[in-house]
Amino acid sequence: MNELVFFEIPKQNLKIQIVKKSDEILEQIRKESAETAVMPDVAQYYTDIYFPKAPSDRPYTFSSIVLSSDGKMAYGDNPSGPLIAKNNFLDPDGSLGDFWVLNVLRAYADGIIIGARTLLSEPGITCHVYEERLTRQRREVLGKKYQPCGVIVSLDGTDIPFDHYIFDVDPKEEYKLVIATSPGGPNT
């Protein structure tokens with residue numbers, strides 16, 4: 001059984017700069033939001049975060065995307081997602097802010113989508129909140145389950161590596177997974 005890995009991101013090295021903030025728009029979103037609690041670490045190191053209510057016919061989705069300055073999400077010879085952020089040689093701590101914001105968004109999420117091909121290229125990846133403080137605040141402040149649900153997406157399920165780390169996480173970790181395919185996916 002695998003255990004989830006947790007660590008503390010050093011907040012003193014975070015380089016997060018709010019470029020534009022509208023208190024009026026933020027207040028409007030807060031009034032319409034399904035949840036209005038803000039985790040203490042988020043308020044202290046970032047700003048208040050609120051999400052609009054999901055439309056009645058679909059879930060509310062958001063993403064965190066890190067690109068290189070020339071627009072790359074990954075390298076052709078090494079498609080590992082975190083590699084772009086880790087290779088910021090001009091600002092070695094720059095990726096900490098990106099990674100912390102990713103964990104903040106994961107802490108607010110109910111589910112985290114990951115593609116089957118990502119599982120193939122990143123053998124140890126999971127869809128959990130890596131920072132334990134945010135995990136605790138997720139439960140205590142937001143009233144959510146310990147971890148968001150991992151949602152593995154695949155056209156037909158044939159490219160899912162079922163021997164991947166993610167499928168053997170110890171049940172005590174309270175980590176749940178679902179697989180989403182096309183309507184014909186389970187029949188192939």
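Visitor: Why does Arg30 count as partly exposed?
Guide: A residue is buried under 20% relative accessible area, exposed over 50%, and partly exposed in between (1.4 Å probe, protein chains only). Arg30 has 26% relative accessibility, which lies in between, so the residue counts as partly exposed. Glu27, at 31% relative accessibility, is likewise partly exposed. The model is predicted, so local features need pLDDT of at least 70 and side-chain atom pairs count only at pLDDT 80 or more, while totals for chains, interfaces and linings use all residues. Residues are numbered from 1 along each chain as its sequence is written, and side-chain values use heavy atoms, with hydrogens and water left out.

Visitor: What makes the meeting of the Arg30 and Glu27 side chains a salt bridge?
Guide: The term requires a side-chain nitrogen of Lys or Arg within 4 Å of a carboxyl oxygen of Asp or Glu. For Arg30 and Glu27 the N to O value is 2.5 Å, so the pair qualifies as a salt bridge. In general, side chains of opposite charge can pair when their charged atoms come close.

Visitor: Where do Arg30 and Glu27 lie?
Guide: Both belong to helix α1, three residues apart, about one turn of the helix. Helices (H or I, at least four residues) and strands (E, at least two) are DSSP runs, numbered from the N terminus. By that convention the chain has six helices and three strands, and their pattern along the sequence is α-α-α-α-β-α-α-β-β.

Visitor: How many salt bridges are counted by this rule?
Guide: The count comes to ten. One of them joins Asp41 to Arg133, whose closest N and O atoms are 2.5 Å apart. This pair links distant parts of the chain, as Asp41 is in helix α2 (residues 40-45) and Arg133 is in helix α6, 92 residues apart. Asp41 and Arg133 also take part in a network of salt bridges that includes Glu8, Lys11 and Glu131.

Visitor: Is Asp41 buried or exposed, and how do you know?
Guide: The relative accessible area of Asp41 is 1%, under the cut-off for burial, so Asp41 is buried. Its partner Arg133, at 30% relative accessibility, counts as partly exposed. Over the 188 residues of the chain, 36% count as buried.

Visitor: What makes the buried residues of α6 lie on the same side?
Guide: In α6 (residues 132-140) the buried residues are Leu134, Thr135, Gln137 and Arg138. They cover an arc of only 165 degrees around the axis, and therefore fall on the same side of α6. The arc is that of the directions from the helix axis to the C-beta atoms.

Visitor: How do you know that Glu3 forms a salt bridge with Lys172?
Guide: Their closest N and O atoms are 3.0 Å apart, within the cut-off, so the pair is a salt bridge. It links distant parts of the chain: Glu3 is in the segment before α1 (23-32), whereas Lys172 is in the loop between β2 and β3, 169 residues apart. Glu3 is partly exposed at 45% relative accessible area, and Lys172 is exposed at 52%.

Visitor: With which residues is Tyr165 in contact, leaving aside its neighbours within four places in sequence?
Guide: Contact means heavy atoms within 4.5 Å. On that basis Tyr165 is in contact with Asn2, Glu3, Val5, Pro123, Gly124 and Thr126. Tyr165 is found in the loop between β2 and β3.

Visitor: What makes β1 and β3 edge strands?
Guide: The open sheet has three strands in the order β1-β2-β3, with parallel pairing. The strands β1 (111-115) and β3 (177-180) are at the edges because each pairs on one side only. Two strands pair if DSSP finds at least two bridges between them. Ile152 has Ile179 in β3 as its bridge partner.
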